[in-house]
Amino acid sequence: MSSDDKRSDQGAERFRAKTARRKASDRTSEDEGHRYLDGQLLIAMPVMGDPRFERSVIYLCAHSAEGAMGIIVNRPAGSIDFPGLLVQLDIIKKADQIKLPENAETLKVLKGGPVETARGFVLHSSDFFIQDATLRIDEGVCLTATVDILKAIAKGSGPKHAILALGYAGWAAGQLESEIQDNGWLHCDADPDLIFGGDVDEKYNRALRKIGIDPGMLSNEAGHA
């Protein structure tokens, strides 16, 4: 893996630029003959050797010749819970936590990656959209990184399915391709349950089984999916 600074500086700039450029438009995953993995899941291999990504499953939000950006979907953010976070952000008062809709009470807060860990990114179903703020990744999944979506969820008017990630993972140009070539990652099609499902601890094994790999037989020599 490259240095934190390289991931942070280039990843943050890339995410902001892509959000501004892409807005609600769909983007082809084919660019000059290259296959890009927007909307797919990355599954970390043991050979990766980076503890920040050990046994991680990452939903790729953006991937192009400029690099890639994704959200880890199977790493809980410790003791942080969504109702408490809403109070910290002054979106609701502490006394109003018991009045939150069920979706808000149960929404998972995850460690999305090592870049911009103080910033929240909401991966959510496409039934919710904020003009000029929401990035449509594929037909069923969007990404929004503004406080407005948190307010909507607290009011019960947000998306049906969502996870809140603190931080994200970023790769410089060609870096992800190199890591995949070196057996650092497998990849597979995403599905809503793997992204939004509540069984966070089981997502890694379930993602492996999705591509026909027995987690108990996984070794450092495993090849690509």
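**Entry 1. Salt bridges**

I started with the charged side chains and found Asp193, Asp199 and Arg206 linked in a network of salt bridges. The model I am reading is a predicted one.

I took the pairs of this network in turn. Between Arg206 and Asp193 the side chains meet at 2.6 Å, N to O. This pair links distant parts of the chain, with Arg206 in helix α7 (residues 203–210) and Asp193 in helix α6 (residues 192–196), 13 residues apart. Arg206 also forms a salt bridge with Asp199, where the closest N and O atoms are 3.2 Å apart.

Arg206 has a relative accessible area of 23%, so I list Arg206 as partly exposed. Asp193 is partly exposed as well, at 43% relative accessibility. For Asp199 the value is 31%, which again counts as partly exposed.

How many salt bridges does a search of the whole structure find? I get six. One more of them that I checked joins Asp50 to Arg52, with 2.8 Å between the closest N and O atoms. Is Asp50 buried or exposed? Asp50 counts as buried because its relative accessibility is 11%, and buried means under 20%.

**Entry 2. His187**

Which side chain does the side chain of His187 make a polar contact with? I found that of Gln40, at 3.2 Å.

**Entry 3. Largest pocket**

I turned to the open spaces. The largest pocket holds about 270 Å³. I listed 16 residues in its lining, and those nearest its centre are Asn103, Thr106, Lys160, His161 and Ala162. Which helix gives the most to this lining? I traced three of the lining residues to helix α3 (residues 102–106), which gives the most. Sorted by class, the lining of the largest pocket comes to six nonpolar, seven polar and three charged residues.

**Entry 4. Second largest pocket**

For the second largest pocket I noted about 220 Å³ of space. Its lining has 14 residues, with Leu89, Ala118, Arg119, Gly120 and Leu150 nearest the centre. I looked for the elements behind this lining and found that β7 (115–125), α4 (147–155) and β10 (162–171) each supply at least two residues. Strand β7 has the largest share, with five residues. By class I recorded 10 nonpolar residues, three polar and one charged in the lining of the second largest pocket.

**Entry 5. Nonpolar cores**

The largest nonpolar core has 32 residues. Which residues have the most contacts inside it? I wrote down Tyr59, Cys61, Met69, Ile71, Leu123, Leu143 and Ile195. Strand β4 (residues 57–64) gives the most to this core, namely four residues. I also found another core lying apart from the largest one, with 22 residues, including Leu100, Phe128, Ala133 and Leu166.

Terms used
Residues numbered from 1 in each chain as written. Predicted model: local features only at pLDDT ≥ 70, side-chain atom pairs only at ≥ 80, totals over all residues. Heavy atoms only, no water. Polar contact = N/O pair within 3.5 Å; in protein donor to acceptor, adjacent residues only side chain to side chain. 1 Å grid on protein atoms, 1.4 Å probe; cavity = no way out; pocket = protein on both sides within 12 Å on 5 of 7 lines; lining within 4 Å. Points joined across faces, edges and corners; volume = space filled by probe spheres on them. Nonpolar A, V, L, I, M, F, W, Y, C, P; charged D, E, K, R; others polar. Core = buried A, V, L, I, M, F, W, Y, C linked by side-chain atoms within 4.5 Å. Buried < 20%, exposed > 50% of the residue type's maximum accessible area, 1.4 Å probe, protein only. Salt bridge = Lys/Arg side-chain N within 4 Å of Asp/Glu carboxyl O.
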